[in-house]
Amino acid sequence: MKTMRQQDLVQLLHQHGSLTTEQLASMLNVSRETIRRDLNALQSQGKVLRQHGRARCVIADSEDNGDPFLTRLKIQLNSKAEVARLALRWIDPGMCIALDASSTCWYLTKQLPDMDITVFTNSVRVCQALIKRQHIRLICSGGTLQRKYACYVNTAILSQLKNLEVDLFIFSCEGIDQAGVMWDSNLYNAGFKSLLLKRAAQSLLLIDKSKMHRTGEIRLGDISQVTEIITNKE
C-alpha cells in the first residue's frame, strides 16, 4: 500500500506541477504526517523536490521511457483496429466521452462516425483526426505538448473537468499483469488516465492480446476499477 500510495503521489505532482502537503493529504485520504514521510522518502530517491510546504515532481529518465506515438501506431495495428471497432457499440449520441493519447484510441477515432457527442482528450492525434467532424464537440485538454507521445500535459485539468460530466472514459495501457494490475510506460499519459478513471461514470479499457501479462513503469490501478475490458484475446 505504501508503494502504491507513493506512486499515486508522484503522479499527482506530475499532473498538477506542485501541491501542498495539505492538498496531497486530502487527495490521497491520508494524514499530513503520512504525506510528509512519503515526501521525505521520495525526495531521497530523487523523485520529488520539497519547497516551503509544497512539493513538485522531478521526472527521471526512467519515467520517460515509453515508445514514441508513431512507433506504437505500427505495433499490432490490425489487433488495435479490431479492438477499437468493438468499442464503437458503447458510444451513443448525446454522450460525453474522454479518450487518452493511446494509439488504440486513435484507431477508434478513425472509425468514429460524425455524431452528436462530446469528446475530451489530451491527444494531439485524436484532435487532428476529429477536426473535420462537424457534429462532434471537441474539447482538448491543452497544456504543454509532449511531442514524443503526441499528448498534452495540463496542470489545470481539474478545473476543466469541474464543468464536464464524462459518461465514458476509453483508454489503453502498457499492460495488465497476472494480478490484474494495469501498468503504463510514462507519467505524461498515466496522470491523465488515473484522473479520468476516478472522474468518469464508466470506463472502457481497450487492450490487444500482446499486452496481457505485461508490466510497465507506472502503476495505473486495478482492473476492478474498469467497467469493461475489450480485447481480442479469448
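Visitor: What makes S9 and S12 a pair of strands?

Guide: Four bridges join strand S9 (residues 168-171) to S12, and the two run parallel. Two strands pair if there are at least two bridges between them, and four bridges join S9 to S12. The model is a predicted one.

Visitor: Which residue of S12 is the bridge partner of Leu168?

Guide: The partner of Leu168 in S12 is Gln202.

Visitor: How do you know that S12 also pairs with S14?

Guide: Three bridges join S12 to strand S14 (residues 228-230), again in the parallel sense. The cut-off for pairing is at least two bridges, and S12 and S14 have three. Leu205, for example, stands opposite Ile229 in S14.

Visitor: Why is S12 called mostly covered?

Guide: Strand S12 spans residues 202-206, and four of its five residues are buried. Buried means under 20% relative accessible area.

Visitor: What makes S10 and S13 edge strands?

Guide: They belong to an open sheet of three strands in the order S10-S11-S13, with antiparallel pairing. Strand S10 (175-176) and strand S13 (218-222) each pair on one side only, and that is what an edge strand does here.

Visitor: Why is H9 said to be largely enclosed by the rest of the structure?

Guide: Eleven of the 13 residues of H9 are buried, so the helix is largely enclosed. The buried residues are Leu187, Tyr188, Asn189, Ala190, Gly191, Phe192, Lys193, Ser194, Leu195, Leu196 and Leu197.

Visitor: Which other helix is largely enclosed by the rest of the structure?

Guide: Helix H6 (residues 103-111) is largely enclosed, because seven of its nine residues are buried. They are Ser103, Thr104, Cys105, Trp106, Tyr107, Leu108 and Thr109.

Visitor: How many cavities of 30 Å³ or more does the structure hold?

Guide: The structure holds one. The largest cavity has a volume of about 90 Å³.

Visitor: What makes up the lining of the largest cavity?

Guide: The lining consists of His14, Gln15, Asn122, Ser141, Tyr152, Val153, Asn154, Ile157, Leu187, Tyr188, Gly191 and Phe192. Helix H1 (2-16), strand S8 (151-153) and H9 are the elements that give two or more residues. H9 gives the most, with four residues. By type, the lining divides into six nonpolar, six polar and no charged residues.

Visitor: Why is Ala81 called partly exposed?

Guide: Partly exposed covers the range between buried, under 20%, and exposed, over 50%. Ala81 has 24% relative accessibility, so it counts as partly exposed. Its place is in helix H5 (residues 77-87). The C-alpha atoms of Ala81 and Thr155 are separated by 31 Å, and the two residues are 74 residues apart along the chain.

Visitor: Why is Asn29 called exposed?

Guide: The cut-off for exposed is over 50%. Asn29 has 71% relative accessibility, so it counts as exposed. Asn29 sits in the loop between helix H2 (21-28) and helix H3 (32-44). It has a positive phi of about 60°, although it is not a glycine.

Visitor: What makes His213 exposed?

Guide: His213 has 54% relative accessibility, and exposed means over 50%, so His213 counts as exposed. His213 lies in the loop between S12 and S13. His213 has a positive phi of about 60° and is not a glycine.

Methods. Residues numbered from 1 in each chain as written. Predicted model: local features only at pLDDT ≥ 70, side-chain atom pairs only at ≥ 80, totals over all residues. Heavy atoms only, no water. Buried < 20%, exposed > 50% of the residue type's maximum accessible area, 1.4 Å probe, protein only. 1 Å grid on protein atoms, 1.4 Å probe; cavity = no way out; pocket = protein on both sides within 12 Å on 5 of 7 lines; lining within 4 Å. Points joined across faces, edges and corners; volume = space filled by probe spheres on them. Nonpolar A, V, L, I, M, F, W, Y, C, P; charged D, E, K, R; others polar.
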